[in-house]
Amino acid sequence: MSARRWLISGRVQGVAFRAYTQARALALGLSGYAQNLPAGRVEVLAQGDDAALDQLAQWLRQGPPAARVEAVHEAPAAEGEAPGVGFGVR
């Protein structure tokens, strides 16, 4: 099991980015969260199978229909940093 963190910028707040991310992550069997950051970015932290994390990473580069993703920065995260069960919206 691995954990990764993404910082997504562009038009990603006010377009249901977190809710769509939650639905996608849950469908992939991932745990973690998505939250808005003060500078207009969204942070996503997810933990689970590497293949599922790869699929989420690919989806984050596009986002939901109303979003306009300009940049996605990915970094490893420590296991246990993400909640062990479920995927929350903060």
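1. Helices (H or I, at least four residues) and strands (E, at least two) are DSSP runs, numbered from the N terminus. With that in hand, here's a place to start: Leu 28 sits in the loop between helix H1 (17-27) and strand E2 (31-36). Keep in mind as you look around that this is a predicted model.

2. Now zoom out. How many helices and strands does the protein chain have? Two helices and five strands. If you walk along the sequence, they come in the order β-α-β-β-α-β-β. The radius of gyration is 12 Å, close to the 12 Å that the globule rule gives for 90 residues, so the chain is as compact as a globular protein of that length. Its C-alpha trace spans about 30 × 25 × 20 Å along the principal axes.

3. Which strands does E1 pair with? One partner is strand E3 (residues 42-48), joined in the antiparallel sense over seven bridges. You can find Trp 6 and spot its bridge partner in E3, Val 44. Strand E4 (residues 68-76) also pairs with E1 in the antiparallel sense, this time over eight bridges. For that pair, look at Gly 10, which stands opposite Val 69 in E4.

4. Back to Leu 28. What does Leu 28 touch, once residues up to four places away in sequence are left out? The answer is Ala 52, Gln 55 and Leu 56.

5. You'll find it in the loop between E1 and H1. Its phi is positive, about 65°, although Ala 16 is not a glycine.

6. Buried residues make up 41% of the 90 in the protein chain. The chain exposes about 4600 Å², and carbon and sulfur atoms supply 49% of that area. As for charge, there are 9 positive and 8 negative side chains, and the centres of the two sets lie 11 Å apart.

Methods
Residues are numbered from 1 along each chain as its sequence is written. This is a predicted model: local features need pLDDT of at least 70, side-chain atom pairs count only at pLDDT 80 or more; totals for chains, interfaces and linings use all residues. Side-chain values use heavy atoms; hydrogens and water are left out. The radius of gyration is taken over C-alpha atoms; the globule rule is 2.2 Å times the number of residues to the power 0.38. Buried means under 20% relative accessible area, exposed over 50%, partly exposed in between (1.4 Å probe, protein chains only). Accessible areas come from the Shrake-Rupley method with a 1.4 Å probe; for residues, only the protein chains shown count as cover. Lys and Arg count as positive and Asp and Glu as negative; His and the chain ends are not counted. The place of a charge is taken as NZ of Lys, CZ of Arg, CG of Asp or CD of Glu. Two strands pair if DSSP finds at least two bridges between them. Contact means heavy atoms within 4.5 Å.
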